Amino acid sequence: MRFPSAAVLLLSVCAVPMYGQGSRGAPPPPDSRTVPRVQPIAQRPPAPSTPPIQLEDQWTSALVRRDARTFDRLLAPGFVYTENASVMNRNDVIKSVFGSDRVEWARNEGMKVHDFGDVQAITGVLHVRGKGKQGPFDRRYQFTDTWQRRNSRWQIIAAQDYLIPR
């Protein structure tokens, strides 16, 4: 420790309350009328949230429905998205929901969860079909999505898609 006097002060401050409690004697016997103590809400464990693997399917459904509200809920502030050579922020992605391409069908395939506690990376393939400026399309994207548990719920903080060549 760089400051030995701080260690002596800390030890004396900690020892005094322990000595004082020791001189009070044994605690009183439990009273049968005592009401069990309820944990304050702030200290209760958070309610279980929807796991990211299920949120991936919400993302896919939101593509088909053009549901900006779902994206607004799922995308964390500061979210970053990379697709091939372009990078978009949270607002860009939400705006793109109403772009010229219309996704009519979508599903996730082969998803795998890579669990790091409060962060999960999910890899898989997003398969989408729809219509765009150049007509019908059928595309498959290899993806990596990174989710973080924030305030007791999961939000996606980063995503990367790569269009799989035919």
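**Core, aromatic cluster and pocket**

Q: What does the secondary structure of the protein chain come to?
A: Four helices and six strands. Helices are DSSP runs of H or I with at least four residues, strands are E runs of at least two, and both are numbered from the N terminus. Along the sequence the pattern is α-α-α-β-β-α-β-β-β-β.

Q: And the ground rules?
A: This is a predicted model, where local features need pLDDT of at least 70, side-chain atom pairs count only at pLDDT 80 or more, and totals for chains, interfaces and linings use all residues. Residues are numbered from 1 along each chain as its sequence is written, and side-chain values use heavy atoms, with hydrogens and water left out.

Q: How many of the 166 residues are buried, as a percentage?
A: Buried residues make up 25% of the chain. Buried means under 20% relative accessible area, exposed over 50%, partly exposed in between, with a 1.4 Å probe and protein chains only.

Q: Which residues touch the most other members of the largest nonpolar core?
A: Trp59, Phe71, Leu75, Phe79, Val128, Trp147 and Ile156, out of 24 residues. Such a core is a set of buried Ala, Val, Leu, Ile, Met, Phe, Trp, Tyr and Cys residues joined through side-chain atoms within 4.5 Å.

Q: Which element gives the most to this core?
A: β5, with four residues. At least two residues each come from α2, α3 (68-74), β1, α4, β3, β4, β5 and β6 (153-163).

Q: Let's do aromatics. How many pairs?
A: Two aromatic pairs. Rings of Phe, Tyr and Trp (its six-membered ring) pair if their centres lie within 6.5 Å; planes under 30 degrees apart count as stacked, over 60 as edge-to-face and the rest as tilted.

Q: Why is the pair of Trp59 and Phe71 called edge-to-face?
A: Because the planes stand at 75 degrees, with the ring centres 5.0 Å apart. Trp59 lies in helix α2 and Phe71 in helix α3, so the pair ties together parts 12 residues apart in sequence.

Q: What about Trp59 with Phe79?
A: That pair is tilted, at 6.4 Å centre to centre and 55 degrees between the planes. It links helix α2 to strand β1, with Trp59 and Phe79 20 residues apart. Trp59, Phe71 and Phe79 form one aromatic cluster.

Q: Which contacts does Phe71 make, leaving aside neighbours within four places in sequence?
A: Trp59, Ala62, Leu63, Ile94 and Val97. Contact means heavy atoms within 4.5 Å.

Q: Now Leu75. Buried or exposed?
A: Leu75 is buried, with a relative accessible area of 0%. Leu75 sits in strand β1. Beyond neighbours within four places, Leu75 contacts Trp59, Arg90, Val93, Ile94, Gln155 and Ile156.

Q: Which lining residues are closest to the centre of the largest pocket?
A: Leu63, Glu83, Ser96, Asp101 and Val103, of 22 in the lining.

Definitions and conventions. On a 1 Å grid over the protein atoms alone, a cavity is a set of points where a 1.4 Å probe fits but cannot get out, and a pocket is an open set with protein on both sides within 12 Å along at least five of seven lines; lining residues have an atom within 4 Å of a point.
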